[in-house]
Amino acid sequence: MSHPMLPNASLRVLFLSMEEVLGQHGVNVVLNTAGLTRFVKNYPPNNMEDCVPFEDYATVVKAVEDFYGPRAAKASLIRVGRATFQYAMKEHPATLGLAGLALKVLPLNVQMKTVLNNVAAGMAKDLNEPA
């Protein structure tokens, strides 16, 4: 049985977002806690090759909770999620089906609906994540 895979960019964006919230040392501690020392100062390349097991992504998120505790982890992971979305929009907008300039002229409620629909479709199609 094969393990579901994610693009390298997915884990890279997670690490960069964590770095923004937790700092480089915090990311290193989390990676060591997760047993993923191969990624310490060695993030995956910024490409869409499916080379990262889902398990690695989940292990990193679980390690944040294990290290920081449930309450602090929840607050940190919310901030990491926001940063992840910003990185994804900046680094891979086409993957999410987002046309930045055209989107800005739409009313806010239409913008939100469009972005959420495109993110869900993009994750289902390109990132192998269920929508």
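Modeller: Let us begin with the surface. In this predicted model, the accessible surface of the protein comes to about 7,900 Å², and carbon and sulfur atoms hold 59% of that area. Of the 131 residues, 37% count as buried.

Biologist: Which elements make up the protein, and in what order do they run from the N terminus?

Modeller: The protein has five helices and two strands. From the N terminus on, the order is β-α-β-α-α-α-α. As for contacts with a separation of 6 or more, 72% of them join residues 24 or more positions apart.

Biologist: How many residues does the largest nonpolar core have?

Modeller: The general idea is that in soluble globular proteins, nonpolar side chains tend to be buried together. Here, the largest nonpolar core has 23 residues, and Phe-15, Met-18, Val-30, Leu-31 and Val-60 have the most contacts inside it. Helices α1 (8-34), α2 (54-68) and α3 each give two or more residues to this core. The greatest contribution, twelve residues, is from α1. Val-60 illustrates the packing: leaving aside residues up to four places away in sequence, Val-60 touches Leu-14, Phe-15, Met-18, Val-30, Leu-31, Ala-34 and Leu-36.

Biologist: Which residues of α3 are buried, and why do they lie on the same side of the helix?

Modeller: The general idea rests on helix geometry: an α-helix has 3.6 residues a turn, so residues three or four places apart point the same way. In α3, the buried residues are Ala-73, Ser-76, Val-80, Ala-83, Thr-84, Tyr-87 and Ala-88. They lie on the same side of α3 because they cover an arc of only 140° around the axis. The buried residues of α3 pack against α1 and α2. On the face turned away from this buried side, α3 carries the exposed residues Arg-71, Lys-74, Arg-82 and Gln-86.

Biologist: What span does α3 reach from its first C-alpha to its last?

Modeller: Helix α3 has 22 residues and reaches 30 Å, close to the 32 Å expected at 1.5 Å a residue.

Key
Residues numbered from 1 in each chain as written. Predicted model: local features only at pLDDT ≥ 70, side-chain atom pairs only at ≥ 80, totals over all residues. Heavy atoms only, no water. Helix = DSSP H or I, 4+ residues; strand = E, 2+ residues; numbered from the N terminus. Buried < 20%, exposed > 50% of the residue type's maximum accessible area, 1.4 Å probe, protein only. Contact = heavy atoms within 4.5 Å. Areas by Shrake-Rupley, 256 points an atom, 1.4 Å probe, with all protein chains shown as cover. Core = buried A, V, L, I, M, F, W, Y, C linked by side-chain atoms within 4.5 Å. Expected span 1.5 Å × (residues − 1). Arc of directions from axis to C-beta.
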